[in-house]
Amino acid sequence: MKKYIVETYYTCTFKTVHSLENLNENELSKIDSRTDGEVEVIDVKLNNRKTKKIGEFKNQNFKDIKIEKTTSKNITENKTLLKNSIGKIDQPNLIKNNARFKMPDRRKGYIQKAQIGDHKVYLHTGEYDDGKIGEIFIDTNKEGELVKAMMNNFAIAISLGLQYGVPLDEYVDAFLDTKFEPSGKVVGNDRILSASSILDYVFRELAISYLGKEDLAHTPSIARSKNIEDGSTNDKFLNIVKNITSKGFVRSNLEEKLVDLSDVRINLKNKS
């Protein structure tokens, strides 16, 4: 049985009222340390709500945080206690996960044409500047308007998920080996020879090109797979090309698929 916990975040606006005998700098400087103020809540607004599995947070104990009397002293004490408790939460859980990383206006990517049975499928990808995939488009040629619209909106949903931080691995695990027509032999892709559906083909291709999952390919890679994303290479040419080349198009095999012609001299003089 799965158990979940719902976290609700509120923004509270309140005011503190103090009575002063004299209005001067000395009295005003002591307001923060006084405990006789009356707190009046002005507005409580729902800020955010999240649902998570129980056990995601470690060493977290919010039961110790209690709001007692609404006085200035208690508010200060609760604020300090809240900071101490938040400090015990794992750092990865503090990352805000509802921010969308939009694609650049001019982006890299590639188009892969393939044929599954009698149906042609065009897969378009868009990449961030660092080579990570951020969007996909799926076009078919023999489908009706309803199926085309569904495929287009499905691609938009996948793209939004990628831009909000959903790992590509999750989509590959969810849609790999899905079975529906058209299916069968794949023509036009050098690494995939058959697919059980369009979604199986699409995410198998994305897994090979962007995740390096060679076990999902039906043919071995001609080029040797080598990861140069760690920046360990000192070749300036490869570093420059890496920034302008689609990672999915070359499937991360830059050194094997690109030829350095910087030292080659070509005679362009007309023989006549």
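Predicted model: local features only at pLDDT ≥ 70, side-chain atom pairs only at ≥ 80, totals over all residues.

Trainee: What makes the nonpolar surface patch, and which residues are in it?

Mentor: Tyr 10, Phe 14, Val 41, Val 44 and Leu 46 make it, and the patch covers about 490 Å². Strands S1 (4-17) and S2 (38-53) each give two or more residues, with S2 giving the most, three residues.

Trainee: How do you know whether Ser 246 is buried or exposed?

Mentor: Its relative accessible area is 8%. Buried means under 20%, so Ser 246 is buried. Ser 246 sits in the loop between helix H6 (236-244) and helix H7 (247-250).

Trainee: What does Ser 246 touch, leaving out residues up to four places away in sequence?

Mentor: Counted that way, Ser 246 touches Lys 108, Gly 109, Tyr 110, Glu 127 and Tyr 210. The side chain of Ser 246 also reaches the backbone nitrogen of Phe 249 at 3.2 Å, and the cut-off for a polar contact is 3.5 Å.

Trainee: Why is the pair Arg 107 and Glu 135 called a salt bridge?

Mentor: The N to O distance between their side chains is 2.8 Å, and the rule asks for a nitrogen within 4 Å of a carboxyl oxygen. Arg 107 lies in the loop between helix H2 (72-86) and S3, and Glu 135 in strand S5, so the pair ties together parts that are 28 residues apart in sequence. At 34%, Arg 107 counts as partly exposed, while Glu 135, at 11%, counts as buried.

Trainee: How many salt bridges does that rule give?

Mentor: The count comes to five. Another one is between Asp 169 and Lys 213, at 3.3 Å from N to O. Asp 169 is in helix H4 and Lys 213 in the loop between H5 and H6, 44 residues apart. Glu 214 also forms one with Arg 191, where the closest N and O atoms are 2.5 Å apart.

Trainee: What makes Asp 177 stand out in its phi?

Mentor: Most residues other than glycine have a negative phi. Asp 177 is not a glycine, yet its phi is positive, about 70°. Asp 177 is in the loop between H4 and S6, and its 47% relative accessibility makes it partly exposed.

Trainee: And how do you know which kind of peptide bond runs from Glu 181 to Pro 182?

Mentor: Look at omega: it is near 0°, and the bond is cis. Most peptide bonds are trans. Pro 182 is found in the loop between H4 and strand S6 (184-187).

Trainee: Last one: which residues touch the most other members of the largest nonpolar core?

Mentor: That core has 32 residues, and those with the most contacts inside it are Ile 136, Ile 138, Ile 158, Tyr 201, Val 202, Phe 203 and Leu 206. Helix H5 gives the most to this core, nine residues. As for Phe 203, not counting residues up to four places away in sequence, it touches Phe 154, Ile 158, Tyr 171, Val 172 and Phe 175.

Conventions: Residues numbered from 1 in each chain as written. Heavy atoms only, no water. Core = buried A, V, L, I, M, F, W, Y, C linked by side-chain atoms within 4.5 Å. Buried < 20%, exposed > 50% of the residue type's maximum accessible area, 1.4 Å probe, protein only. Helix = DSSP H or I, 4+ residues; strand = E, 2+ residues; numbered from the N terminus. Contact = heavy atoms within 4.5 Å. Polar contact = N/O pair within 3.5 Å; in protein donor to acceptor, adjacent residues only side chain to side chain. Patch = residues over 30% accessible without salt bridge, like charges linked within 9 Å, V, L, I, M, F, W, Y side chains within 5 Å. Areas by Shrake-Rupley, 256 points an atom, 1.4 Å probe, with all protein chains shown as cover.
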